[in-house]
Amino acid sequence: MTLHNGFTGERQGWRRLRRAAAVAAVLALGGCSLFSSEKPRYPPAPLTNFNATLPVSSGWSVSVGSKGGVGFVPVVVGDAVYAATGNGSVGKYALATGAEIWRSSAKADLSAGVGSDGRVTAVATPRGEVIAFDDTGAIKWRAQASSEITVPPLVGEGLVVVRSGDYRIQAYDAESGKRRWSVQRPGPALALRAPGEMLLSGGYIFTGLPGGKLIAIATNTGAVRWEGTVANPSGSSELERVADVVGAPVISGRHLCAVTYQGRINCFDVGSGNSTWSREFSSVTGLGADVRFAYAANDRSVVFGFDLDSGANIWKQDVLQNRGLTAPASVGRAIALGDYQGYVHFLQREDGSLLARIATDGSAILSQPVATDRGVLVQSSKGNLTLINVGQ
């Protein structure tokens with residue numbers, strides 16, 4: 001995680017200096033790169049021995065490309081997986097076997113990807129270019145957004161939607177690439193460059209924004225249905241007032257939940273936007289949920305389970321502290337989280353106890369695992385895509 005400055009213009013120089021100082025301060029706090037020095041201030045907890053009670057095994061693994069990062073999350077559509085990497089590689093793979101169906105190149109470095117509905121697959125570049133592929137891997141169209149894109153595009157309901165660094169959400173026609181609508185909200189001087197995703201559900205796009213906001217946008221018109229506050233920024237300095245929504249909002253039943261850095265976890269009624277419960281919390285990766293619980297790792301990789309209806313804290317697990325955990329994915333009786341060494345940890349959804357652990361390629365897993373009916377998908381920072389079989 002780094003910090004992103006949304007301001008440009010004649011004051012850019014001194015703001016860049018202030019941004020550098022802010023980044024250094026956040027790194028010192030340990031909320032970002034905990035493992036970037038030989039003697040980190042907050043050393044990661046060593047792996048402990050335990051009695052594994054959940055059978056897990058490697059299913060298949062393929063190399064998509066290279067240059068992974070937080071903006072790269074695989075997408076499952078039917079029996080296929082779509083994935084991209086920072087070197088411009090984009091591919092479609094069979095979920096059952098990992099067999100390559102097609103692979104293509106964006107012919108440019110990428111900053112985020114992928115979004116797909118099985119017909120159109122979209123990625124984005126650091127210059128804000130949106131590149132769409134058809135389902136043979138051929139480039140369908142290119143469009144220019146207003147600024148850099150680090151959040152994976154969202155594809156659905158005939159749209160390709162992107163969220164750019166100047167706090168604009170822009171929708172393009174999935175067939176032609178013509179811009180359909182644009183929504184912008186003012187942003188703070190400092191914002192996190194942390195994992196983020198948008199959510200499409202029921203004709204609305206839900207996305208968090210810097211400053212602790214969450215908005216619901218109608219897909220057909222771009223009209224904002226409601227805007228909620230996950231957390232209000234507080235503190236005397238710009239750094240202390242960073243309270244940005246991280247990860248993807250999640251929906252379970254009537255609940256729409258999101259979490260911020262240095263703020264709160266907050267659940268809303270998905271229809272009205274009214275808050276149903278909230279708890280003080282700070283995360284740099286996001287949260288997960290199932291029909292009963294919400295789960296999140298805080299900025300020290302301590303994992304918490306919350307009752308989805310009441311917000312009561314059900315359990316807390318600190319055995320993986322400072323291991324750079326991803327947001328959790330719910331799979332069967334477990335939740336799965338990746339870490340900075342490429343391990344995937346499985347915790348009991350009811351009490352947070354360790355159930356299983358499996359190694360991947362040894363590189364950091366930075367994006368949230370993806371639960372499928374065949375197991376758990378993880379994409380590593382080396383660009384490898386792995387399916388993990390999960391028993392009962």
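Four strands form an open sheet in the order β3-β4-β5-β6, with antiparallel pairing. The model is predicted. Its largest pocket has a volume of about 750 Å³. The structure also holds 1 disulfide.

- Inside the order, β4 (residues 80-84) and β5 (residues 89-94) run antiparallel and are joined by 5 bridges.
- Val81 has its bridge partner in β5, and that partner is Tyr93.

**The sheet β24 to β27**

- Another open sheet has 4 strands in the order β24-β25-β26-β27, and its pairing is antiparallel.
- At its edges stand β24 (287-289) and β27 (313-317). Each of these has a single partner strand, so one side of each lacks a neighbour in the sheet.
- From one strand to the next, the twist averages 15°.
- The antiparallel strands β25 (residues 293-297) and β26 (residues 303-307) are joined by 5 bridges.
- Phe293 has Asp307 of β26 as its bridge partner.

- Strand β17 (residues 204-209) is mostly covered, with 5 of its 6 residues buried.
- β17 runs antiparallel to β16, and 3 bridges join the two. The bridge partner of Leu200 is Ile205 in β17.
- The hairpin of β16 and β17 has 2 residues between the strands. In this hairpin, Gly202 takes a positive phi near 60°.
- β17 also runs antiparallel to β18 (residues 213-218), and 6 bridges join them. Here Tyr204 has Ala218 of β18 as its bridge partner.
- The hairpin of β17 and β18 has 3 residues between the strands. Gly211 takes a positive phi near 90° in this hairpin.

**Strands β20 and β21**

- β20 is mostly covered: 7 of its 8 residues are buried.
- β20 and β21 run antiparallel, joined by 5 bridges.
- Across this pairing, Val250 stands opposite Cys257 in β21.
- The two strands form a hairpin with 2 residues between them. Gly253 sits in the turn and has a positive phi of about 60°.

**The disulfide**

- Cys257, the residue opposite Val250, is joined by a disulfide to Cys267. The S to S distance is 1.9 Å.
- Cys257 lies in strand β21 (residues 255-260), and Cys267 lies in strand β22 (residues 263-269). The two cysteines are 10 residues apart.
- The torsion about the S-S bond of Cys257 and Cys267 is about 105°, so the disulfide is right-handed.
- Cys257 and Cys267 are both buried.

**The largest pocket**

- The lining of the largest pocket has 30 residues. The closest to the pocket centre are Glu197, Leu199, Ala248, Gln368 and Val370.
- Several elements give two or more residues to the lining, among them β3 (75-77), β7 (112-116), β11 (154-156) and β16 (199-201). The list also includes β20 (245-252), β24, β28 (329-331) and β32 (370-372).
- β20 gives the most to this lining, with 5 residues.
- The lining residues divide into 23 nonpolar, 6 polar and 1 charged.

**Arg333**

- Arg333 is placed in the loop between β28 and β29 (334-338).
- Its relative accessibility is 29%, so Arg333 counts as partly exposed.
- Arg333 and Gly391 are 58 residues apart in sequence. In space they are 9.7 Å apart, C-alpha to C-alpha.

Notes. Residues numbered from 1 in each chain as written. Predicted model: local features only at pLDDT ≥ 70, side-chain atom pairs only at ≥ 80, totals over all residues. Heavy atoms only, no water. Pairing = 2+ DSSP bridges. Axes fitted to C-alpha atoms, helices over the stretch in contact; angles between N-to-C directions. 1 Å grid on protein atoms, 1.4 Å probe; cavity = no way out; pocket = protein on both sides within 12 Å on 5 of 7 lines; lining within 4 Å. Points joined across faces, edges and corners; volume = space filled by probe spheres on them. Nonpolar A, V, L, I, M, F, W, Y, C, P; charged D, E, K, R; others polar. Disulfide = S-S within 2.5 Å. Buried < 20%, exposed > 50% of the residue type's maximum accessible area, 1.4 Å probe, protein only.
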